[in-house]
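These are my notebook entries on one protein structure. I set down what I looked up, part by part.

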Amino acid sequence: QLRVQNGYAPIVSDFESLWVRRLYGRIRDCFNRPITGVAGGRVSLLERYSMDFNRSFQFTGRLNNVLNLASYNYLGFAQSEGPCADKVEEAMREGGITQGSTRSEVGCTRLLADTEDMVARFVGAEAAIIVSMGYATNALNIPTLASKGSLIISDELNHSSLVAGARLSGAAIHVFRHNNVRDLEKVLRRSIAQGQPRTHRPWKKILVIVEGLYSMEGEFCNLPEIIELRRRYKFHLFVDEAHSIGALGKRGRGICDHFGVDPREVDVLMGTFTKSFGATGGYIAGSRALIDHLRVNSLSAVYAEAMSVPVLAQVSSSMRMIMGEDREHALEGQQRLDQLALNSRYFAQGLKNLGFMTLGNPGSPVVPLLLFNPAKIPAFSRECLRRNVAVVVVSYPATPIITGRVRFCISASHTREDLDYALEQISEIGDLLMLKFHKGDVSAG
Ligand code: PMP
């Protein structure tokens with residue numbers, strides 16, 4: 001099928017790998033399975049299909065009301081009813097779906113400008129710019145911040161969108177060991193001493209890129225220490241808060257809120273609306289000079305469709321609720337934040353008590369559980385789905401081959417009964433697949 005035909009290499013050949021075909025082709029449960037309805041605390045997945053890796057799906061029925069531990073819906077704002085949904089509907093009737101224009105032409109609606117101001121206030125920056133896609137926020141804006149002669153220093157586990165942006169920028173890219181501030185300092189020292197390749201001139205600028213919460217690890221970045229380095233080495237700091245904004249910190253303001261750090265110590269605060277806000281798109285916030293620069297120069301502002309009005313309505317109404325500025329639902333945002341923190345700790349602790357090996361910081365809404373043996377990866381997701389629990393399993397190339405894992409996403413919309421049910425089912429699966437460590441087991445810690 002993939003052999004050269006008529007002298008042409010098949011167009012898909014670059015995406016083919018034995019591993020992807022053999023492993024992901026077998027994970028037939030939550031992967032590539034269309035859902036119906038809202039992906040909230042529960043979700044409906046279409047049942048059984050036959051799938052050849054390169055062919056289309058065939059569906060035979062529907063599987064209802066599965067507990068959803070698979071999608072990012074940290075604060076439970078992914079919904080089709082309630083105050084946000086009303087605002088979205090109203091906005092769609094007034095503003096339609098598309099501007100048919102970029103932000104820099106006639107795509108900047110009043111709601112867009114107002115929501116950008118709100119985002120800036122929310123994250124504690126002078127100004128913000130909104131982009132209609134989270135991935136593009138990184139991929140298309142980093143090239144406006146660094147170019148040839150600049151140096152980007154990137155955490156080795158940074159998200160693909162950050163890697164894409166760094167590569168597109170033309171800057172030199174050096175990588176440091178994941179969340180290891182000592183190694184970051186080593187790379188900084190070495191890079192500064194060597195300067196640019198061949199000419200050894202000083203770098204035009206140095207941009208250090210990290211994430212607030214690493215979604216495959218459930219791990220917070222070591223922000224206070226990185227900020228300490230920033231003061232000493234005078235680099236610019238870019239923090240991707242896709243998973244931490246709206247999810248971490250007492251007031252949900254992200255990783256700076258979590259550590260009690262002044263957000264102005266971070267030069268570029270990036271985040272997405274796809275996780276905590278139940279919407280789509282992303283933002284970059286920072287100084288007014290930075291945002292003015294991006295408005296005029298960034299590829300996403302100049303060449304891509306501006307954010308849709310109904311999506312902006314979802315972003316602004318959910319953000320207003322988190323900020324406690326929605327008078328009718330003044331306490332609801334804080335309640336959701338508290339519930340998320342409670343649920344995340346309860347679930348992670350529950351897994352630990354059962355003897356599983358989990359990763360991540362306490363309070364992380366993403367809880368990875370290690371499966372180790374690649375053969376257990378499809379088995380785990382299949383067993384979960386058989387018990388009406390939707391999960392996402394991840395393995396190579398997203399993780400090293402022997403640390404494949406299941407990544408549970410916890411939401412404020414999960415009830416205590418939901419979490420207890422999930423823990424009970426996962427415990428049984430753990431026995432079945434021999435995933436638990438017991439006291440006295442070597443390396444259980
Ligand atoms: N940055 C990070 C760290 C992410 O995890 C993701 C996606 N999960 C993105 C950016 C891209 O965001 P989106 O899915 O909203 O396009």
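**Entry 1: the ligand**

I looked up which element gives the largest share of the shell around the ligand, and I found helix α4 (residues 134-145), with three residues. Helices (H or I, at least four residues) and strands (E, at least two) are DSSP runs, numbered from the N terminus. I noted that residues are numbered from 1 along each chain as its sequence is written. I also noted that this is a predicted model, in which local features need pLDDT of at least 70 and side-chain atom pairs count only at pLDDT 80 or more, while totals for chains, interfaces and linings use all residues.

I then listed the surroundings: 14 residues surround the ligand, and G134, Y135, H159, A242 and T274 are the closest. Here a residue is near a molecule or strand if its C-beta atom, placed from the backbone, lies within 6 Å of it. By class, I recorded three nonpolar, nine polar and two charged residues in this shell. Ala, Val, Leu, Ile, Met, Phe, Trp, Tyr, Cys and Pro count as nonpolar, Asp, Glu, Lys and Arg as charged, and the others, Gly among them, as polar.

**Entry 2: the sheet of seven strands**

In what order do the seven strands of the open sheet lie? I read the order as β4-β12-β11-β10-β7-β5-β6, with mixed pairing. β4 (127-131) and β6 (172-176) are at the edges with a single partner strand each, so one side of each has no neighbour in the sheet. On average, neighbouring strands of this sheet are turned by 20 degrees against each other, direction ignored. Axes are lines fitted to C-alpha atoms, for helices over the stretch in contact, and angles run from 0 to 180 degrees between N-to-C directions.

Five bridges pair β4 with strand β12 (residues 282-286) in the antiparallel sense; two strands pair if DSSP finds at least two bridges between them. In β12, G286 stands opposite A127, and A285 stands opposite A128.

Is β4 mostly covered or exposed? I found it mostly covered, with four of its five residues buried. A residue is buried if 20 or more other C-beta atoms lie within 10 Å of its own, exposed if 12 or fewer, and partly exposed in between, with C-beta atoms placed from the backbone. Helix α9 (residues 288-297) lies across β4, β11 (268-272) and β12, and runs at about 30 degrees to β4. Residues are in contact if their C-beta atoms, placed from the backbone, lie within 7 Å.

**Entry 3: the domains**

I recorded domain 1 (13-68 + 333-432) and domain 2 (83-327); such bounds come from an automatic or database domain assignment. Their centres, taken over C-alpha atoms, are separated by 27 Å. To the contact, domain 1 gives 16 residues and domain 2 gives 14 residues. On the side of domain 1 that touches domain 2, α12 (332-354) and β13 (366-372) are the elements that give two or more residues. The most come from α12, with four residues.

β15 is joined to strand β16 (residues 404-409) by three bridges, and V393 stands opposite V406 in β16.

Key. Contact = placed C-beta atoms within 7 Å.
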